[in-house]
Amino acid sequence: MPDSGISRRALLATVATASVALVATTAGQTWAWLEPFNVFAPRRRGDGPQGLPVNRTAAQAGVADLARDPDWRLTVAHDGTEQAFTRDELAAMPQAEAVLPIACVEGWSTTAHWRGVRMAELLEAVGAPSGASVHITSLEPRGAFRTSEMGPEFARDPLTLVALELNGEVLDLEHGYPARIIAPARPGVVQTKWIDRIEVQA
C-alpha cells in the first residue's frame with residue numbers, strides 16, 4: 001500500500017491539538033483566568049452593560065421605544081382573570097434575590113446577581129394551580145425569541161424571578177428592562193427579555 005504521507009497517530013494528534021487550541025482560545029468567555037486567551041470567542045466576560053455580554057440589542061429586537069413606554073404593564077392571566085402590574089407595583093412587591101448563571105448558545109456563560117418578584121407569587125395572584133405551565137410573551141414584535149414556554153418545575157421554583165435588577169442596578173434596557181425572566185437551569189434563549197405577558201396554560 002502506498003504511503004499516504006500521514007499516519008493515523010499523527011492525524012489523531014493533529015485533531016487533538018486543534019481541539020485543545022479551540023477550547024483554550026474561547027474558554028475565556030466562561031473562566032476569568034483564561035480571558036487573555038479569549039481570541040476567537042464571539043463575546044468576552046464582562047463586556048456589555050452591568051458586566052454581561054449582549055447578543056441581541058433592544059434596537060435589533062425592535063423594542064427600544066416599547067420598553068421605555070411609561071404605560072408599560074406586565075399582564076398575568078389565568079382562566080379569565082388578568083392582573084396588570086406597572087413596574088413600580090412590581091418593585092413594591094416582596095423582592096427575592098438569586099445568584100444564577102446565564103449561558104448562551106454562542107458559547108459564553110457567566111453568573112450574575114438578580115433581584116425581582118418570584119414568578120410563583122405572580123401566579124398565585126391570579127389563582128393559578130400549582131402544576132400549571134406558563135406561556136411568556138416579549139414586547140418583541142416578531143422572531144423566534146418573542147415567546148417561551150415554562151413548565152411548572154420552573155414556574156414554581158423559588159429562584160425563578162421576574163427580574164427587575166441585575167448586579168445591584170436597575171435592569172439595563174439591553175438586558176431586558178423593564179422586566180425579564182431568569183430561572184435556574186434554563187438556556188439563555190428562553191430567559192425571555194422585555195416581557196409583556198405571562199399566561200397560565202391549562
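Mentor: Contact here means heavy atoms within 4.5 Å. The model is predicted.

Trainee: Leaving aside neighbours within four places in sequence, which residues is L123 in contact with?

Mentor: L123 is among the residues that touch the most other members of the largest nonpolar core, which has 34 residues. The helix α5 (119–125) is one of the elements that each supply at least two residues of this core. With sequence neighbours within four places set aside, the contacts of L123 are V76, A128, V134, A155, R156, I198 and V200.

Trainee: Which residues are included in the second, separate core?

Mentor: In soluble globular proteins, nonpolar side chains tend to be buried together. Here the second core is separate and has 14 residues. Among its members are L52, I102, W108 and I182.

Trainee: Which strands stand at the edges of the sheet?

Mentor: Five strands make up an open sheet with mixed pairing, in the order β2-β1-β10-β5-β6. An edge strand has a single partner, so one of its sides is left without a neighbour in the sheet. The strands in that position are β2 (81–85) and β6 (147–150).

Trainee: Which residue in β10 does S138 stand opposite?

Mentor: Strands β5 (residues 133–138) and β10 (residues 195–201) run antiparallel and are joined by six bridges. Opposite S138 stands I195.

Trainee: Is H175 buried or exposed?

Mentor: H175 lies in the loop between β8 (169–170) and β9 (180–182). Its side chain reaches the backbone oxygen of P49 at 2.7 Å. Buried means under 20% relative accessible area. The relative accessibility of H175 is 3%, so H175 counts as buried.

Methods. Residues are numbered from 1 along each chain as its sequence is written. This is a predicted model: local features need pLDDT of at least 70, side-chain atom pairs count only at pLDDT 80 or more; totals for chains, interfaces and linings use all residues. Side-chain values use heavy atoms; hydrogens and water are left out. Helices (H or I, at least four residues) and strands (E, at least two) are DSSP runs, numbered from the N terminus. Buried means under 20% relative accessible area, exposed over 50%, partly exposed in between (1.4 Å probe, protein chains only). A polar contact is a pair of N or O atoms within 3.5 Å; within protein, one must be able to donate a hydrogen and the other to accept it, and residues adjacent in sequence count only if both atoms are side-chain atoms. Two strands pair if DSSP finds at least two bridges between them. A nonpolar core is a set of buried Ala, Val, Leu, Ile, Met, Phe, Trp, Tyr and Cys residues joined through side-chain atoms within 4.5 Å.
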